[in-house]
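Hi there,

Here is the structure I promised to hand over. Have a look at it first, and then read my notes below.

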Amino acid sequence: MNIDAQLVEGAKKGDSDCFSRLYELVQDDLYKYALYALGNAHDAEDAVAETFLEAFRGISRLREPGAFKGWIFKILTIRIKRRISRYVKEKNQIQIEDFLFDPALQTDGMDESAIARVDLLQAMEILSPQERMILTLSVLYGYTTKQISQMLHSPHGTVSSKLHRSLKKLKAQLEEKGGEPNEPSQS
């Protein structure tokens with residue numbers, strides 16, 4: 001999806017209709033990412049709403065219209081990190097079970113793909129939050145490592161090597177569990 005530079009310029013000048021259209025263009029991607037990262041709809045909705053409020057207040061300071069999507073994802077990423085930090089402080093640790101349904105309680109009628117998804121999410125627990133973020137943006141959303149490096153304001157080589165290491169860690173973890181992961185394509 002390409003963000004129209006004219007919409008960004010209009011939003012920067014205070015045009016709320018332009019900002020509303022920008023919101024419509026990115027809201028689904030932001031929500032899906034927040035839901036995946038946070039694990040529940042309520043927190044994901046809150047994080048996205050807070051992101052748009054902050055973006056609306058700060059869009060006039062956005063220098064490059066073409067950087068809008070990366071910029072708003074960066075705002076969301078910061079919001080997600082804050083929420084995860086709160087989870088950690090509240091519980092003193094994060095258990096993947098807090099974010100997933102308990103597969104032991106729901107095995108009736110559960111197909112293999114659902115079980116594989118749970119295995120994958122549990123295996124992702126070994127990754128750092130930044131590694132999970134890079135992996136999610138690459139594999140689920142199809143962003144290239146160059147695009148991710150721009151979103152996260154990290155060097156391209158760093159993002160590329162973290163993605164590669166994350167995939168290796170994840171593959172090893174899944175193989176240890178006995179699963180045969182399908183290795184996603186790298187950018």
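**What I found**

Tyr33 and Phe73 are both buried, where buried means under 20% relative accessible area, exposed means over 50%, and partly exposed is in between (1.4 Å probe, protein chains only). Before going on, a word on the source: this is a predicted model, so local features need pLDDT of at least 70 and side-chain atom pairs count only at pLDDT 80 or more, while totals for chains, interfaces and linings use all residues. Residues are numbered from 1 along each chain as its sequence is written, and side-chain values use heavy atoms, with hydrogens and water left out.

Back to Phe73, which sits in helix 4 (residues 68-91). Helices (H or I, at least four residues) and strands (E, at least two) are DSSP runs, numbered from the N terminus. Phe73 has a relative accessibility of 1%, so it counts as buried. What does Phe73 touch, leaving aside its neighbours within four places in sequence? The list is Asp29, Leu30, Tyr33, Leu137, Tyr143 and Met151, with contact meaning heavy atoms within 4.5 Å. Take Leu30: it is 43 residues from Phe73 in sequence, yet their C-alpha atoms are 7.0 Å apart in space.

Now the rings. The structure holds five aromatic pairs. Rings of Phe, Tyr and Trp (its six-membered ring) pair if their centres lie within 6.5 Å; planes under 30 degrees apart count as stacked, over 60 as edge-to-face and the rest as tilted. One of the pairs is Tyr23 with Phe52: the ring centres are 4.2 Å apart and the planes are at 70 degrees, so this pair is edge-to-face. Tyr23 belongs to helix 2 (residues 16-38) and Phe52 to helix 3, so the pair ties together parts that are 29 residues apart in sequence. Buried or partly exposed? Tyr23 is partly exposed, at 34% relative accessible area, whereas Phe52 is buried, at 7%.

Tyr33 and Phe73 also pair up: with centres 5.8 Å apart and planes at 65 degrees, they are edge-to-face too. This pair links distant parts of the chain, since Tyr33 is in helix 2 and Phe73 in helix 4, 40 residues apart. There is an aromatic cluster as well, made of Phe19, Tyr23, Phe52 and Phe56.

(The expected span is 1.5 Å times one less than the number of residues.) The buried residues in helix 3 include Asp43, Ala47, Phe52 and Gly58.

For a contrast, find Gly142 in the loop between helix 6 (129-140) and helix 7 (145-152). Gly142 has 51% relative accessibility and therefore counts as exposed. Apart from neighbours within four places in sequence, Gly142 is in contact with Leu137 and Gln147.

Finally, the whole chain. How many helices and strands does it have? Eight helices and zero strands. Of its 187 residues, 36% count as buried. Among contacts between residues at least 6 apart in sequence, 61% join residues at least 24 apart.

Cheers
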